[in-house]
Amino acid sequence: MSTTTPTASSTKLPVAGPDSVRREAKLLAREYRTGLSVVLGLHGLAAIAGLAGPALIGRMVDQVTDGAGLSVVNKLSAFLAAAIVVQTVFMYLARRQSFVLGETVFAQLREQFMDRVVALPLSTVERAGTGDLVTRTTRDVDALSHTVRFAVPSVLVAIVATVLTTIATFAAGWKVALPVLVAVPILWTGTRWYLKRAPAGYLREGATYAVLNGTVTETVDGARTVEALGLGSERRRAVDRDLAGCYKAERYTLFLRSVWFPSVEFGYFLPVAATLLWGGWLAGEGQATVGQVTAVTLYVLQLMGPVDELLSWLDEIQVGAASFARIIGIGDVPNDRTASGEQPSGTEITAQDVRYAYREGHDVLDGISIDLAPGERLAVVGPSGAGKSTLGRLLAGIHGPRTGSVNVGGVPLVELELDDLRGHVALVTQEHHVFVGSLADNLRLARPGASDDELREAMSAVDALGWAERLPQGMDTEVGSGGVELTPPQAQQLALARLVLNDPHTLVLDEATSLLDPRAARHLERSLSAVLDGRTVVAIAHRLHTAHDADRVAVVEDGRVSEIGTHHELVNAGGPYAALWESWTDAPSAGSGASGGSGGSSGSSASSTVSTEQP
């Protein structure tokens, strides 16, 4: 299991290597060594109690053979019943403690994983996309949960039971037990063959699901674009291609199991038959008693249970180990910024000779320079793929430039602590999430120490206090999955209220209301105006009345700023912006697209979003 497996080329997030996996596992074992010792001790006592059965039955056989009376048999039967009761009690306690330990360990792993996920550099999340991250937070977490809760305790139990039963088998009659050794080379060879191939196979399987999730998520998120451009067939082919990759990866791991499992089954039953034949010959030669043969055969049969459980759960361990490697691999993501500790001396934003590339040698931005005065409204327009959204992410500090600088108050954005950065600049898009919890908890994500009055003031500022107070328990109402479902406009107002609480001086708006119908968009524009008041605004303009109302307009083409000036200056210049404006105002949908009209305030229109690529 390593980062050089086929998964490495299929994911933009790292996968931990075997050394990291072992190190993390050892740390967990060391941290929970007391609980682990209790679990192993209880299972050991249960296994010891279970070993009494075959020995007592063998003893009864010999006693009956020697003509012992019924009282002796009854006494042995009573011991057998007592041993079963003791084994049942210890097994119950051991299983219960195993599940408690498993839940405790998994709870810690889940919290550590979430801490690492929310601490991921924003640039890494942007580059990686949603597929891989979603797969790790769903499929991999579920697989690891199953492994920690069930597979690991079961394997530990099976190891203890196997060792003790093997000792008891040879103690009952070592000559009779010799055929047990026949299973060792069979099980060793088959299991070694499987373990040599399984880790890479399961890592590859996880990566294919990440790719599939990414394709499906992108298709769903861009459904309207797919429909508008007639890309349905192409997206179906992409999903079919990724499904074929999943199918191929699944078939490979199924092939491994189809070879390994039959060899294991053969290794189980051969020793039983061999023990009966060999033991019968020894008994006939007078080198073993019938009771010894009976006890050893029962022990061999009993040995099949823990060995079968050990090897069966070993397959689950491989799945869990692959998921564990992908989950702890999140922690290997390097930080995308180094805080210098320097504090900005002002609120002005400056970008100087900025270049940025998603792929080496292919710059998306090519030497852009822009100065933003405090309180200025700048609209960024241009054709699709020109680099508008990328520029917005650089101005919001999500990405750092490949060359050049983006500063706030003379300090590079990438040299600010992330929490400090969000107090200066925030990116607003149409993607807003309502977390499970109360409405107040959702608001306090922006400012944990905010008072109830401050929460109400923030909701009132975005014209949302009315519906918030009408909820069943007001601000304490549970929202999100399983709670009260907020409408898209309400969810976006909640996000805007968070911005009011966070209070950044600069906002970068990118398609903030594009997923809403025109009526909802107009209502939210009024809410947004309260957030924009007094702040510097960079609006990635997809509706050109936004540009009309802005203080300045920057036209981005092929990664460069081809024009910059006021709306009227650029229209009179007769350049690319004038052509865009003429195309937009002449288009049949321009009137409906410009909801709110060009006469609205810059604040209320800064988030409007309709494509500037209309003919």
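Modeller: Two strands count as paired if DSSP finds at least two bridges between them, and the strands themselves are DSSP runs of E with at least two residues, while helices are runs of H or I with at least four, both numbered from the N terminus. The model is a predicted one, in which local features need pLDDT of at least 70 and side-chain atom pairs pLDDT 80 or more, whereas totals for chains, interfaces and linings use all residues. Residues are numbered from 1 along each chain as its sequence is written, and side-chain values use heavy atoms, with hydrogens and water left out.

Colleague: What makes strand 9 and strand 10 a pair, and in which sense do they run?

Modeller: Strand 9 (residues 506-510) and strand 10 are joined by five bridges in the parallel sense, and the rule asks for at least two, so they count as paired. Within this pairing leucine 509 stands opposite alanine 539 of strand 10. Strand 3 (residues 377-381) also pairs with strand 10 in the parallel sense, over four bridges, and there arginine 377 has valine 537 as its bridge partner.

Colleague: How do you know how well strand 10 is covered?

Modeller: A residue is buried under 20% relative accessible area, exposed over 50% and partly exposed in between, for a 1.4 Å probe and protein chains only. In strand 10 (residues 536-540), five of its five residues are buried. In a regular strand the side chains alternate between the two faces of the sheet. Here Thr536, Val538 and Ile540 lie on one side and Val537 and Ala539 on the other, and both faces are covered.

Colleague: Why do strand 2 and strand 5 stand at the edges of their sheet?

Modeller: Four strands form an open sheet in the order 2-1-4-5, with antiparallel pairing. Strand 2 (362-372) and strand 5 each have a single partner strand, so one side of each is left without a neighbour in the sheet. Further in, strand 1 (residues 349-359) and strand 4 (residues 403-408) run antiparallel and are joined by five bridges, with isoleucine 349 opposite valine 408.

Colleague: What joins strand 4 to strand 5, and what lies in the turn?

Modeller: Two bridges join strand 4 to strand 5 (residues 411-412), and at least two is the requirement, so the pairing qualifies. Valine 408 has valine 411 as its bridge partner in strand 5. The two strands form a hairpin with two residues between them, and glycine 409 in the turn has a positive phi of about 55°.

Colleague: Why is the pair of tyrosine 194 and tryptophan 260 called stacked?

Modeller: Rings of Phe, Tyr and Trp (its six-membered ring) pair if their centres lie within 6.5 Å, and planes under 30 degrees apart count as stacked, over 60 as edge-to-face and the rest as tilted. By this rule there are four aromatic pairs. The centres of tyrosine 194 and tryptophan 260 are 4.3 Å apart and the planes lie at 10°, so this pair is stacked. Tyrosine 194 belongs to helix 7 (residues 183-221) and tryptophan 260 to helix 9 (residues 232-284), so the pair ties together parts that are 66 residues apart in sequence. Tyrosine 194 has a relative accessible area of 0% and is therefore buried, and tryptophan 260, at 0%, is buried as well.

Colleague: What kind of pair do tryptophan 260 and phenylalanine 261 form?

Modeller: Tryptophan 260 and phenylalanine 261 form a tilted pair, with 5.3 Å from centre to centre and 35° between the planes. Phenylalanine 261 has a relative accessible area of 34% and is therefore partly exposed. Ring pairs link Tyr194, Trp260 and Phe261 into a cluster.

Colleague: How do you know that arginine 355 and aspartate 366 meet in a salt bridge?

Modeller: A salt bridge is a side-chain nitrogen of Lys or Arg within 4 Å of a carboxyl oxygen of Asp or Glu. For arginine 355 and aspartate 366 the N to O value is 3.2 Å, so the pair qualifies. Arginine 355 lies in strand 1 and aspartate 366 in strand 2, so the pair ties together parts that are eleven residues apart in sequence. Arginine 355 also forms a salt bridge with aspartate 353, where the closest N and O atoms are 2.7 Å apart. At 23% relative accessibility arginine 355 counts as partly exposed, as does aspartate 353 at 38%. The structure holds 15 salt bridges.
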